[in-house]
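Colleague: I'd like to learn how to read a few features off a model. Could you walk me through them?

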Amino acid sequence: DNIKEIGKSAFFNCLNITSIKMPNSVTNIGDNTFSNCKKLNNITLNNRLKSIGKGAFNSCEGFTRIEIPDSVTSIGGGAFGGCKNLNEVYINDFAKWCDIKFYGEYSNPLCHANNLYLKDKLVTNLVIPDGVTNIGNYAFCNYSKLKNVKIPDSVTNIGDYAFFNCTELKTIYIPDSVKNIGINTFSHYNY
């Protein structure tokens, strides 16, 4: 329980790893740490984890669900890229989720997952909690089941790509308090 960080590429290409339970002492997962662990199907992250490095779980095709702890503040570029079977993302607090610094579209596990759960309830109508001032870059990027968004008066900034490619989005309430809407915030691919 003394491990603070799992270093860069520590388990890269370990093709037979099926399960990971992060020790409670780990606060940082390095770049490409579990990248290309094709059979990895069970990941348990701890509640002290702060950052997930770029490419950390890249091309891990075995797992279908992940819970992102409230303690996570940053997720590196491509951390979940190529996780083509990832279908469910679980979170416990929208305010904490909105504060995560995502470094690109494939840093957010929603780049593949079709289902976002808040406290085990599927989210299709999003009500950002009062007190949130910023909706970070890529926060809900690619979340196709999102239909309605209500943003409270406390929000002043909606980040780049925050709701990019939310193809089912029908209703958005943006209050007068919002002073900045980033690039491609509500746009989507035109196939």
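Modeller: Start with K50: its relative accessibility is 43%, so K50 counts as partly exposed (buried is under 20% relative accessible area, exposed over 50%, partly exposed in between, with a 1.4 Å probe and protein chains only). This is a predicted model, where local features need pLDDT of at least 70, side-chain atom pairs count only at pLDDT 80 or more, and totals for chains, interfaces and linings use all residues. Residues are numbered from 1 along each chain as its sequence is written, and side-chain values use heavy atoms, leaving out hydrogens and water.

Colleague: Where is K50 found?

Modeller: In the loop between β4 (42-44) and β5 (51-52); strands here are DSSP runs of E, at least two residues, numbered from the N terminus.

Colleague: And how do I read a sheet?

Modeller: Strands of a sheet pair through backbone hydrogen bonds, parallel or antiparallel. Here, two strands pair if DSSP finds at least two bridges between them.

Colleague: Which residue is the bridge partner of I6 in β3?

Modeller: That's I29; β1 and β3 (residues 28-29) run parallel, joined by 2 bridges.

Colleague: What is the strand order in the open sheet of 3 strands?

Modeller: β13-β15-β17, again with parallel pairing. β13 (134-135) and β17 (180-181) are the edge strands, each pairing on one side only. β15 (residues 157-158) joins β17 through 2 bridges, and I158 stands opposite I181.

Definitions and conventions
Helices (H or I, at least four residues) and strands (E, at least two) are DSSP runs, numbered from the N terminus.
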